[in-house]
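Work through the exercises below with the sequence and the coordinates at hand, and try each task before turning to its solution.

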Amino acid sequence: MNISNSDLETKYWVDYATKSLWLMGFVISTVGVVFNILSFQTAKFLGKYNSAIVLIRLLAICDTVSIILDGIFDLGGNFIGINFFNFSSFVCKTLYFNNWATGFVANFQLVILVFDRFLAIRFPVWYRSNSHVALAYILSFSSAAVNYGLTLPILFIFDVEGGICTMVGDPEFFYWYLRFMSFVTYTAAPFTLILFFNGYFIKFLISQKRNSQNSERSIQERNMVIMLATVSISFLILTFTCAVFCFLFFSIQLKTELDYSLLQLANVLAQIPAILNSSLNFMFFYLSGKGYRDAFRKMIKAYGC
């Protein structure tokens with residue numbers, strides 16, 4: 001495909017922006033791995049072993065796997081000029097499959113965590129009189145199984161041709177499938193559920209403020225809700241941003257070399273909010289949750305730091 005002289009400079013700056021974003025995504029992902037390790041360890045010190053602790057730790061695991069594949073292997077590899085996806089047909093299929101699947105699993109893991117807190121404030125007597133650790137594991141692994149099942153067609157979409165991991169087969173069908181997974185499974189479904197639960201959380205916080213409930217249990221519950229609401233709001237903002245750039249990605253018509261550069265840029269712009277989603281939960285937990293800050297300090301002392 002040819003490119004006119006007038007577009008040559010534009011292509012240069014688009015490619016420069018893409019490479020800069022590759023580096024930024026790699027750096028964010030590296031920091032995110034550290035944050036998720038801290039989140040995983042801090043959760044142990046939040047108090048009595050319960051479903052919330054289990055779900056926070058599982059969320060940290062899902063987020064870590066997601067950003068390692070999406071940010072470190074994909075964006076980091078592109079930045080240093082090594083496309084790991086091109087190594088072989090097996091690697092191409094495996095990386096793409098797990099890259100997509102873990103992103104979906106991480107999103108729905110946050111939904112399950114928020115749902116667990118919804119149950120705690122909607123049905124407090126039932127919730128406090130029963131252990132929900134088993135239910136947390138069942139919901140988490142069921143969600144993972146469903147999301148991995150929905151992602152199976154990825155194994156037939158991507159393969160290595162001419163030394164490049166690329167889309168093969170019927171492009172019309174596969175683009176329809178990728179649009180469905182991007183806009184429905186990855187964004188609309190978790191976005192809608194978390195938006196609903198956050199509406200209930202806001203109602204709960206207003207009710208607590210009006211009733212001036214200041215018992216230790218009420219304060220702990222309120223702190224946990226504020227913490228999850230903060231994480232959820234950041235998720236909603238970043239997921240919406242990701243959906244916007246996904247829309248731009250699928251709307252680009254490939255006619256010139258500049259279009260290919262714009263496609264790469266739109267792709268990485270969609271990846272950055274997804275990586276931020278999976279990297280910053282520890283920071284939001286720490287900034288918005290007093291109980292979480294106390295647990296973090298206990299964790300630091302326990303490890304002799």
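The exercises that follow go from the overall fold to aromatic rings. The model is a predicted one, in which local features need pLDDT of at least 70 and side-chain atom pairs count only at pLDDT 80 or more, whereas totals for chains, interfaces and linings use all residues. Residues are numbered from 1 along each chain as its sequence is written, and side-chain values use heavy atoms, with hydrogens and water left out.

**Exercise 1.** Determine how many helices and strands the chain has, and in what order they run.

*Solution.* Begin with the DSSP runs, numbered from the N terminus, where a helix is H or I over at least four residues and a strand is E over at least two. The count is 11 helices and 2 strands, and from the N terminus the order is α-α-α-α-α-α-β-β-α-α-α-α-α. Finally, the C-alpha trace spans about 70 × 40 × 35 Å along its principal axes.

**Exercise 2.** Find what share of the residues is buried, and what share of the contacts with a separation of 6 or more joins residues 24 or more positions apart.

*Solution.* Relative accessible area, with a 1.4 Å probe and protein chains only, sorts residues into buried (under 20%), exposed (over 50%) and partly exposed in between. Buried residues make up 45% of the 305 in the chain. For contacts, meaning heavy atoms within 4.5 Å, residues 24 or more positions apart account for 79% of those with a separation of 6 or more.

**Exercise 3.** Classify the ring pair of Phe 118 and Phe 196, and decide whether each residue is buried or exposed.

*Solution.* Rings of Phe, Tyr and Trp (its six-membered ring) pair if their centres lie within 6.5 Å, and planes under 30 degrees apart count as stacked, over 60 as edge-to-face and the rest as tilted. The structure holds 27 aromatic pairs. For Phe 118 and Phe 196 the centres are 6.1 Å apart and the planes stand at 55°, so the pair is tilted. The pair links distant parts of the chain, since Phe 118 is in helix 3 (residues 89-122) and Phe 196 in helix 7 (residues 171-211), 78 residues apart. Phe 118 counts as buried at 11% relative accessibility, whereas Phe 196, at 51%, counts as exposed.
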